[in-house]
Structures are given as structure tokens and as C-alpha cells.
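Dear colleague,

I am passing a structure on to you, and my notes on it follow directly below. Please read them alongside the coordinates.

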Amino acid sequence: PEKVLKEVQNSIKGIHKDIHKIIEDNKIGEKIRDGFRVSITGEVNAGKSSLLNLMAKRDVAIVSDEAGTTRDVIETYLNIDGYPVILADTAGIRDAKNDVEKKGISLALGKSKEADLNIVVIDNSSKNINNEIKKMINKDTIVLLNKSDVLDKQNHQFDADTVLASVKENKNINILINKIKEKLSKKFTSNNTTLITRERHRVKLTECLKEIDNFLKKDQNKDLELAAEDLRMATRHLGSIVGKVDVE
């Protein structure tokens, strides 16, 4: 019996390791099904809405010369070389006095934190850049220095992938799209053959893992019945995903 118990323990440890590996996947499965979140943020009047329209190949967002026209978050679904993407246009970041615009900026900052990838759009001819915008720029950011048709040399340096472009003239937007694909492929490459595509499955696997943890913490020689109950509970959680799992 002791030898059999040791084999069971080793087998359960292997299952625990496999489930843990599946769960620690950056939610790649759900994102493949629902879409990767890419947020367009940055300066007012830098060309964010024009970029959204250009990438969507239709007029999704209102474009105006007046600063602060985008107040709400505007989302559109795109397929970028096989990657399902939810592209969001957000309010320009600045020190606003209008309460409605302030709310829009707050939504923009929230979207940027939730996003899998941020495209920060900056007018290449800008002399000063808002501190909130500078804080956004990190490894999960692509900086788009727009309006290169006005100033055709890079006017700013950032510690992030940067594309000098012109949305107006559709110049270097193909480079931006390639950068997006590159970022997503690196960020979400998974070695797992099993992908979780539903949140319910993730919850059930997490609960299963907890019961296996309880089993492994017990002294199975003394608490055999309680340990067996832990495994029964674990199989119930698995059963709710794959169908009935027999007691054996």
C-alpha cells in the first residue's frame, strides 16, 4: 500500500504541475477567442481618431481640428494578420477643465491600463509632452510619432518601439501594423497545447488546483479518507469541464 500511495502522490503532483501550467498562460485562449485589447492613447489632436479610421478602413470615429472632440471610448474589431484585435480610440490626455472631458481622460487612462498593448500617438512637432503620456510609455507600448508630413525627422526619443509616420498620408502605417503583430506574437506565445477559452473553465481548474493542494498537504497515511475526499472534489471540478469523471 505504501508503494501504491507513493505512485499516486507522484501522479497527482504531475497533474498539479500540468494544471498550473495551463492556468499560467496570460489568458491567451480567451484572447484568441475574444480579441487582444489594443488602446490608442496620447496627445489631443495628434491623429488618434484618424488612425482608428485608417486601420478600420471606415469612418468609425469623428475627426475634427478641435482639440478634445473624443470624449468616450470608441471600439472597433479588426483582424490583423489572424490576430483578433479590439482597437479602442480614447480621449486625448491633457490638463482639462471641462468635467465631461476630464471623465473622458479618466476613461482613457483606465483603458490604457487594461490594454494588452498601447499605441501612444504623439504629434512629432510637439515641444512638450504631458507627464501622464510619458508615464504610459513602457515595454507594452508602441509610440507613433505622427504628422511626419509636417516634420519629416524624429523629434523625440523614447525607450520604446517608435514609428515615425503620417496618418494623413498613410505613410509607415504598415510598419506600425507589423510592430503590433510582432508585439502580440511575443507577448502571447504559449508552449501549452491546451488553451483555456472560457473564464468558467479557468475558475473550475483553479478550484481543482486548490483541492489537489489540500490533498498534497495532508499526511495520506493518517488522513486517508479526508485526502480521498479532496481528490473526489478535484474530479468534480474537472468533471464540470470535460463531463462525468468516475470515482475510480
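Is K210 buried, partly exposed or exposed? With a relative accessibility of 45%, K210 counts as partly exposed, where buried means under 20% relative accessible area, exposed means over 50%, and partly exposed lies in between (1.4 Å probe, protein chains only).

Before the rest, two remarks on the source: this is a predicted model, in which local features need pLDDT of at least 70 and side-chain atom pairs count only at pLDDT 80 or more, while totals for chains, interfaces and linings use all residues. Residues are numbered from 1 along each chain as its sequence is written, and side-chain values use heavy atoms, with hydrogens and water left out.

Salt bridges

Searching the whole structure gives ten salt bridges, each being a side-chain nitrogen of Lys or Arg within 4 Å of a carboxyl oxygen of Asp or Glu. One of them joins E207 to K210, with 3.5 Å between the closest N and O atoms; both residues belong to helix α7 (residues 199-217) and are three residues apart, about one turn of the helix. E207 is partly exposed, at a relative accessible area of 29%. Helices (H or I, at least four residues) and strands (E, at least two) are DSSP runs, numbered from the N terminus.

Another salt bridge brings the side chains of E75 and K111 together at 2.8 Å, N to O, and this pair links distant parts of the chain, since E75 is in strand β2 (residues 74-80) and K111 in helix α4 (residues 99-114), 36 residues apart. E75 counts as partly exposed at 33% relative accessibility, and a network of salt bridges links R37, E75 and K111.

K183 and D161 also form a salt bridge, their closest N and O atoms being 3.6 Å apart; here too distant parts of the chain are linked, with K183 in helix α6 (residues 173-187) and D161 in strand β6 (residues 161-164), 22 residues apart. K183 counts as buried at 18% relative accessibility, whereas D161, at 24%, is partly exposed.

The sheet

Six strands make an open sheet in the order β2-β3-β1-β4-β5-β6, with mixed pairing, two strands being paired if DSSP finds at least two bridges between them. Because β2 and β6 stand at the edges with a single partner strand each, one side of each is left without a neighbour in the sheet. The twist from one strand to the next averages 25°; axes are lines fitted to C-alpha atoms, for helices over the stretch in contact, and angles run from 0 to 180 degrees between N-to-C directions. Strand β5 (residues 141-146) pairs with β6 in the parallel sense over four bridges, and I142 stands opposite D161 in β6.

Helix α4

Helix α4 packs on the sheet, touching β1, β2 and β4, and its direction makes about 140° with that of β1; contact means heavy atoms within 4.5 Å. Its buried residues are E101, G104, I105, A108, K111 and S112, and seen down the axis of α4 they fall within an arc of 120°, so they line one face of the helix, the arc being that of the directions from the helix axis to the C-beta atoms. On the other side of α4, D99, K103, K113 and E114 are exposed. The cover over the buried residues of α4 includes β1 (36-42), β2, β4 (117-123) and α5 (131-136).
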